[in-house]
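Thanks for asking me to look this one over. Here are my notes, point by point, to read alongside the model.

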Amino acid sequence: MKNRLQLLIFVIGIIALLYFTKGYWDGKFIGVLSILITISVVFIGLVISLENRHPTQTLTWLVVLGGFPVIGFFFYLLFGRNTRKRRLFAKKAKLDEQVLLKMERDSGILENHFEQLGTSRKQMLKLAVRLGKSPISFSSDTRALTNGKETFHEIMESLKHARHHIHLEYYIVRHDHLGEQIKDILIQKVQEGVYVRFLYDAVGSFQLSPHYIHKLRNAGVEMIPFLPVRLPFLNNKINFRNHRKIVVIDGTIGFVGGLNIGDEYLGKSRHFGFWRDTHLMVKGEAVRSLQLIFLQDWYYMTGQTMLTQTYLSPDLIDIDMEKCGGVQMIAGGPDREWEIIKHLFFSMITSAKESIWIASPYFIPDEDIFTSLKVAALSGIDVRLLVPQKPDKKIVFHASRSYFPELLEAGVKIYEYKKGFMHSKIVIVDREIASIGTANMDMRSFHLNFEVNAFLYRTASTQKLVYEYMQDLEETSELHFKDFEKRPFIQRLFESTARLLSPLL
């Protein structure tokens, strides 16, 4: 509601005015300030209650506001106004849907392929097409890339061979050795006449050197921040970040997955050491869907439309359509009517007959996903969860562990990766369908972030993901319910406290 934001801004203005004129108040400033903060907190509490959020979210915010009025007040301004998200991105959502529907192939062409995948898979594929507004390609080639070394070797080699355009979209970009290598390649390609467009998230890349940006821009690279934040407390969009990692080259080859641009993704971090991650290289028809996601994000930030055959006619590759399997690019985000990626994860889990294997660095499921995993395990399905043993975000790490006892008791097998930091974002069901991309198994990816995942149906790359998952388990220690229950009381308390913040993480 527009009036709510105006009132909040008014309150902040009054507080600022009182602060700068406190000398005139003869000691009454603190009292007046406390009254204003209290009124604001009560107002926000009423707003949250009337928004009909999930009860867990409502209670969490009320606890935060009641226990920490001042901090909670500003925290809400930064991260709490999530029910406005559809209105904030309504224009983008409408345009994206129109474009995707316009570009989608006749779904009847795919009916034969749907039939081959069985009844349960057929229903899931139809759900994916309906929610994602994105076609499934059965004439695309995919290759799973293991870790930073293989991923960035392929990306940089492909960048060097670009002839017409390069499109990049990243959450984190660093001006370290890897960042400099990619910068030099992009500058060289611009000098060769290649169009280079670079979209980076303003918050995720807030440490990126202005000199790095200026050098690329001065060379001719169009480098644009996604949702820049100038006045954090007055910015409705600060909580909605672009977590996507996309590279599209000449519209014929694409990359998507978990790796950002930074030396730590090559295993050069002193703290984490080895960095376990997974990316995907795509060739053929499915690249067009990845290209469309980038072009619509670019249009949203720049107003430039490039929906032409030059950018949307990928080279068709000569492959056996009966053997290559299906590939679908799904974009999720706060601009969508449905929580697309979460719903597809849920559909994958509930359609499983034999196994559900998940790898996620951040595991904070909502009630739907949490319940579906427990029910699957109780039904005798092989449910496995691979998470890092070493945290990079401590609150998220401990919040994740608060979910483990119920999962372990239900029969879920949980493994902690010991070799380094595990950052892969993988879901594999029955060893034949898989998801790989930028979305974690957490509430932020489900509800707040702009994400993109590739969903794979009986592809060769799915089999590689299965093999590597088994290899990763060799570098883990398995948690057992009885042993895990013996952890210290203070650790349990910290986990439970962190879990209270789960809806906000």
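1. A definition to start with: a residue is called buried when its relative accessible area is under 20%, exposed when over 50%, and partly exposed in between. Phenylalanine 421, at 0% relative accessibility, is therefore buried. Please keep in mind that this is a predicted model.

2. Phenylalanine 421 has a partner worth a look. It forms an aromatic pair with phenylalanine 272, with 5.0 Å from centre to centre and 50° between the planes, which makes the pair tilted. Phenylalanine 272 sits in the loop between β6 (253–257) and β7 (275–276), whereas phenylalanine 421 belongs to strand β14 (residues 421–422), so the pair ties together parts 149 residues apart in sequence. Phenylalanine 272 has a relative accessibility of 14%, so this residue counts as buried too.

3. In the model as a whole, the count comes to 13 aromatic pairs.

4. Another of these pairs joins phenylalanine 226 and tyrosine 300; it is tilted, at 6.2 Å centre to centre and with 40° between the planes. It links distant parts of the chain, since phenylalanine 226 is in strand β4 (residues 222–226) and tyrosine 300 in helix α12, 74 residues apart. Which of the two classes, buried or partly exposed, does tyrosine 300 fall into? With a relative accessible area of 22%, tyrosine 300 is partly exposed, while phenylalanine 226 is buried at 0%.

5. Now for the sheet. Eight strands form an open sheet with mixed pairing, in the order β9-β18-β16-β15-β10-β12-β13-β19. Its edges are β9 (326–332) and β19 (476–479), each of which pairs on one side only. From one strand to the next, the twist averages 15°.

6. Helix α12 (residues 287–302) returns here: it packs on the sheet, touching β9 and β18 (451–457), and its direction makes about 10° with that of β9.

7. Within the sheet, have a look at β15 (residues 426–429) and β16 (residues 433–437), which run antiparallel and are joined by four bridges. Isoleucine 426 stands opposite isoleucine 436 of β16. As a reminder, strands of a sheet pair through backbone hydrogen bonds, whether parallel or antiparallel.

8. Finally, two lysines to check against aromatic rings. Lysine 393 lies over the face of tyrosine 362, at 4.8 Å from the ring centre. Lysine 419 lies over the face of phenylalanine 274, at 4.4 Å from the ring centre.

Technical notes: Residues numbered from 1 in each chain as written. Predicted model: local features only at pLDDT ≥ 70, side-chain atom pairs only at ≥ 80, totals over all residues. Heavy atoms only, no water. Pairing = 2+ DSSP bridges. Helix = DSSP H or I, 4+ residues; strand = E, 2+ residues; numbered from the N terminus. Axes fitted to C-alpha atoms, helices over the stretch in contact; angles between N-to-C directions. Contact = heavy atoms within 4.5 Å. Phe/Tyr/Trp six-rings, centres within 6.5 Å; stacked < 30°, edge-to-face > 60°. Buried < 20%, exposed > 50% of the residue type's maximum accessible area, 1.4 Å probe, protein only. Lys NZ or Arg CZ within 6 Å of the ring centre and 35° of its normal.
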